[in-house]
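Biologist: I would like to learn how to read a protein model, one feature after another. Could you take me through it?

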Amino acid sequence: MRDRNKRLWLYKFVLALRPAPLGVALKHLLGIKRRVLETENGTFLVDPCSEFGIVLLQDGEYEKDMITAFKSFLVPNSVCVDVGANEGYFSVIASRLVGQGGIVVAVEPQSRVLPILEKNISLSHACNIKLNQVVISNEKGTAEIHLEPANNTGSSGLFRTTKYWVPKETIEMITLSELLARNGLDVVHFMKMDIEGYEYEAILGSQDIFKSHIVKSLALELHPSILHRRGLDPDKITSFLRDSGYSVDTRFSNLVFTVS
């Protein structure tokens with residue numbers, strides 16, 4: 001137990017170093033590498049110096065309230081779309097819930113993350129996950145994503161939030177409607193969306209799939225601070241969803257919309 005606590009302290013110290021690239025450099029200097037971690041929700045190759053890795057090592061699960069939402073809406077043979085899948089934690093959870101007859105579409109644009117995502121899919125035997133390396137926005141084309149330091153890949157996005165320089169990657173950009181069409185989906189029982197401030201374009205750029213209730217339930221990570229910095233009003237998203245017949249499901253502490 002003492003050794004475990006020492007390791008956790010070290011991982012937290014490395015993660016907390018600022019600027020974040022300093023922590024990444026120290027991690028490499030100390031030879032800290034990813035490790036396979038078996039949990040009740042799947043088996044994952046985690047970075048122990050990331051927020052995700054530390055929480056998983058410490059608590060055995062990550063974002064319990066979000067897990068509860070997944071379990072509330074997904075049953076065998078249902079369809080899930082995970083927009084902003086990152087390393088695939090929630091995609092793997094969804095895969096288990098929908099079973100062999102179900103489908104999980106995992107959307108993750110970062111090339112550097114895809115090998116980890118694929119490894120986590122393999123480790124958890126999640127054969128019903130379809131990977132899509134695209135950016136979701138309000139038009140077709142290409143977009144440049146800003147790649148946050150490797151200990152926080154989940155914060156990467158189209159809008160740069162750091163004061164220091166970060167590398168960029170050019171990725172194909174499509175709409176949410178096009179994503180569903182490409183994957184042959186005419187219904188989505190549960191969608192999780194966490195795309196660092198571009199939920200505005202993703203939702204308002206594909207109003208048809210919400211007005212027609214193709215998406216039955218949506219767990220939405222709103223990023224008000226990023227939206228305000230971009231000169232956008234986050235209330236336009238929630239107002240549109242309400243006007244389209246969705247209501248906030250108060251059973252959950254996170255923001256979940258369901259068809260009224």
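Modeller: Gladly! Let us start with a definition: a residue is called buried if its relative accessible area is under 20%. Keep in mind that this is a predicted model. Here Tyr89 has 4% relative accessibility, so Tyr89 counts as buried.

Biologist: Is Phe90 buried or exposed?

Modeller: Phe90 counts as buried too, because its relative accessibility is 7%.

Biologist: How do I describe two aromatic rings together?

Modeller: A pair of aromatic rings is described by the distance of the centres and the angle of the planes. In this structure, a search of the whole model finds 12 aromatic pairs. Take Tyr89 and Phe90: the ring centres are 5.2 Å apart and the planes stand at 75°, so this pair is edge-to-face. The cut-off you need is that planes over 60 degrees apart count as edge-to-face.

Biologist: What kind of pair do Phe210 and Tyr246 form?

Modeller: Their centres lie 6.1 Å apart with the planes at 65°, so Phe210 and Tyr246 are edge-to-face. Phe210 belongs to helix α9 (residues 207–211) and Tyr246 to strand β11 (residues 246–248), so the pair ties together parts that are 36 residues apart in sequence. Phe210 is buried, with a relative accessible area of 0%, and Tyr246 is buried at 2%.

Biologist: Which residues do ring pairs link into a cluster?

Modeller: The cluster holds Phe44, Phe52, Tyr62, Phe70, Phe73, Tyr89, Phe90, Phe190 and Phe252. A ring can also have a charge over its face: Arg230 lies over the face of Tyr198, 3.7 Å from the ring centre.

Biologist: What is the order of the strands in the open sheet of three strands?

Modeller: The order is β6-β8-β7, with mixed pairing. At the edges are β6 (135–137) and β7 (141–146), each pairing on one side only. Neighbouring strands of this sheet are turned by 50° against each other on average, direction ignored.

Biologist: How many bridges join β7 to β8?

Modeller: Six bridges join them, and the two strands run antiparallel. To find one yourself, look at His146, whose bridge partner in β8 is Lys168.

Terms used
Residues numbered from 1 in each chain as written. Predicted model: local features only at pLDDT ≥ 70, side-chain atom pairs only at ≥ 80, totals over all residues. Heavy atoms only, no water. Phe/Tyr/Trp six-rings, centres within 6.5 Å; stacked < 30°, edge-to-face > 60°. Buried < 20%, exposed > 50% of the residue type's maximum accessible area, 1.4 Å probe, protein only. Helix = DSSP H or I, 4+ residues; strand = E, 2+ residues; numbered from the N terminus. Lys NZ or Arg CZ within 6 Å of the ring centre and 35° of its normal. Pairing = 2+ DSSP bridges. Axes fitted to C-alpha atoms, helices over the stretch in contact; angles between N-to-C directions.
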